[in-house]
Amino acid sequence: MVNHSGKKEDFALKKINMKRFIYFFVFFLTLTLILFYVMETLSANTLKQSLIQSSKNQVIYTNSMLEGVLSEARTYAIQYTTDSSVRYYESQKQVLGTYDSQMKKNDIGAMIHNTLVSSQSVEMVGIYWKSDETFISTMSGQTSEPFKKVTRRGWETINGSLYFFSVYPYIKQPNIPLDIQFVVGVKLKTDYLLGLLDKALNSNNADAFFLFNKTLLVGNRTVDPDIVRAAQGMIASIPDQVLEYRYKAADGNYVILSQYIESIDSYLITYTRMNDVLNPLNRNHQVFFISILVILIIGLFVITMFYRNFYRNVYLLHKRFYQVEHGEYGTRIKENPGNEFDSLFKSFNHMVEQIQALFDSLATETELRQNAELKQLQAQINPHFLYNSLFFIMSMAKTSPDAVMQMSKHLAEYYRYMTKLDSRHVTIASELELSDHYLSIMALCKQIDYRIELPPNIGLRRIMPLMIQPIVENAIQHGIEEHQGAHRVFIAVEELGGGVKITVSNDGKVPSAEELSQLLNHVEKEQVPLGKQGIGLWNINRRLKNSYGKNSGLNFFPNEWGGLSVSLHIDFQLEEGD
């Protein structure tokens with residue numbers, strides 16, 4: 001016997017292995033792409049963070065330098081505000097003559113000029129006395145207009161320049177501008193502030209500017225107004241921290257850094273266009289993705305060729321084998337792959353043709369054998385029964401014409417049914433009708449009472465012919481006729497699981513338990529039993545099992561009358577494909 005299930009499992013295992021290979025290949029390519037993408041992304045993020053951190057360090061360094069400059073400017077202003085020659089100049093001028101007053105003024109001017117010789121960040125120092133509007137400045141062309149508007153000590157922006165003003169009295173700030181005696185102002189160099197902005201930049205793609213009172217003070221280049229507006233909306237007054245912001249503009253993505261300068265209530269802002277910085281890295285990304293795409297295309301091409309030239313053909317062969325295994329012997333492989341599978345497919349087609357021819361021959365032989373068995377069974381049944389019936393007609397012809405007519409009618413119906421059996425299948429109802437004619441004939445010859453029960457929903461089920469009739473005959477010949485006083489026959493049909501159970505009972509002689517066991521073993525033999533006794537029952541049992549499966553067959557048991565019951569179990573599930 002060929003183990004088809006083992007072959008099927010082995011092929012299924014190979015099929016799974018091929019699928020695993022394809023899945024692994026796709027997974028490997030996908031994993032490689034993901035890993036390289038993660039690595040590239042991490043590299044880009046590391047570069048960005050490194051650049052941003054470097055810019056933050058530059059901003060912190062620039063802020064420290066700016067604090068030194070601011071401290072220097074405040075020191076100058078406070079120094080001259082508290083200087084005695086400046087404080088007493090106005091009162092001395094009233095008692096001195098014109099010449100001495102001018103000389104005193106010149107001394108004050110020389111003093112502040114000498115101070116600026118060593119300063120790189122201070123552009124101008126000026127002193128303005130409000131009482132007589134006297135003004136001394138280290139820079140020619142500097143007007144006193146900015147000094148006239150000063151009302152308190154602190155930093156001011158005037159015409160894009162940064163000033164620090166100190167007023168006298170110094171210790172106690174005047175409550176009203178009229179109480180201010182004089183104003184000392186220190187102006188920072190704009191070029192020096194621009195130089196500080198350059199120090200705050202970490203790359204050529206960055207720019208910087210100062211915001212004083214959230215208004216643009218100075219920038220190292222032409223500052224983008226959109227960036228200024230974005231910075232004005234984002235910055236926060238948090239000292240000693242460099243805050244980081246992201247801004248997306250039409251021309252790219254920017255990183256904005258902000259350092260709050262608490263001493264002057266202003267902000268040092270730097271911004272870098274990251275697209276310019278990351279262009280080399282983006283080009284590397286493009287090269288990488290193109291390479292991965294090429295590898296992926298090549299991999300998909302290899303998988304496609306593998307599928308077309310091998311896996312698909314193997315799967316097709318497996319499918320055809322599966323069809324043959326389930327009885328589709330007419331299947332053929334018509335595909336022509338143009339490779340080594342051609343000869344394999346031709347061999348498969350030739351093999352299936354041989355199998356189909358073999359099964360056709362076997363089916364013909366089986367049909368002939370079954371027809372021969374049927375004819376043999378009919379030959380076994382018909383002659384003896386016909387002789388007895390004819391003798392009954394002869395004996396009753398003169399004394400009981402009605403009995404002759406009934407006998408002739410039932411005998412004609414009986415033999416009309418028997419002679420028209422040209423098909424393997426009849427219905428349960430027609431088979432029971434044949435038994436009814438037979439029992440009617442026997443009831444005319446002997447004292448026999450019979451009853452047949454057939455549910456209406458079972459009668460149209462199709463079965464093999466002459467399954468019930470031989471058992472009914474056995475009930476008469478070997479049951480009732482061999483037991484004095486026996487006269488009852490009962491045929492019952494009932495549904496049982498996926499089939500039917502037909503029971504023929506009589507009140508005749510019942511075999512012993514040992515005889516029943518021997519009878520059951522007799523009908524269950526694989527080979528035809530020797531002799532003539534029991535061939536009919538063996539024939540029926542064998543036909544039941546051959547046609548309806550191993551769950552079908554005969555069974556024997558005593559009944560409530562004290563006689564023997566013979567049941568036929570017909571399992572229709574095999575016939576229906578279950």
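How many helices and how many strands does the secondary structure of the protein come to? In this predicted model, the count is 14 helices and 17 strands. The protein has 578 residues, and buried residues make up 41% of them. Turning to contacts with a separation of 6 or more, 62% are accounted for by residues 24 or more positions apart.

The average pLDDT of the protein is 81, and 88% of the residues score at least 70. Among the elements, the highest mean pLDDT, 95, belongs to strand E15 (residues 499-506), while the lowest, 66, is found for strand E7 (residues 215-219). Over residues 1-15, the pLDDT is below 50, and this stretch has 8 contacts in the model beyond near neighbours in sequence.

Helix H10 (residues 401-419) packs with helix H11 (residues 428-445) at an angle of about 150 degrees, and their axes are 9 Å apart. Because angles over 145 degrees count as roughly antiparallel, H10 is described as roughly antiparallel to H11. The crossing of H10 past H11 is left-handed. On the H10 side, the contact includes Ala403, Met407, Leu411, Tyr414 and Met418; on the H11 side, Leu434, Tyr438, Ile441, Leu444 and Cys445 are among the residues involved. Taken by residue type, the contact of H10 with H11 divides into 11 nonpolar, 5 polar and 2 charged residues.

Note on methods
Residues numbered from 1 in each chain as written. Predicted model: local features only at pLDDT ≥ 70, side-chain atom pairs only at ≥ 80, totals over all residues. Heavy atoms only, no water. pLDDT = per-residue confidence, 0-100. Helix = DSSP H or I, 4+ residues; strand = E, 2+ residues; numbered from the N terminus. Contact = heavy atoms within 4.5 Å. Axes fitted to C-alpha atoms, helices over the stretch in contact; angles between N-to-C directions. Parallel < 35°, antiparallel > 145°, perpendicular 65-115°, else oblique. Left-handed = near helix turned anticlockwise from the far one by under 90°. Nonpolar A, V, L, I, M, F, W, Y, C, P; charged D, E, K, R; others polar. Buried < 20%, exposed > 50% of the residue type's maximum accessible area, 1.4 Å probe, protein only.
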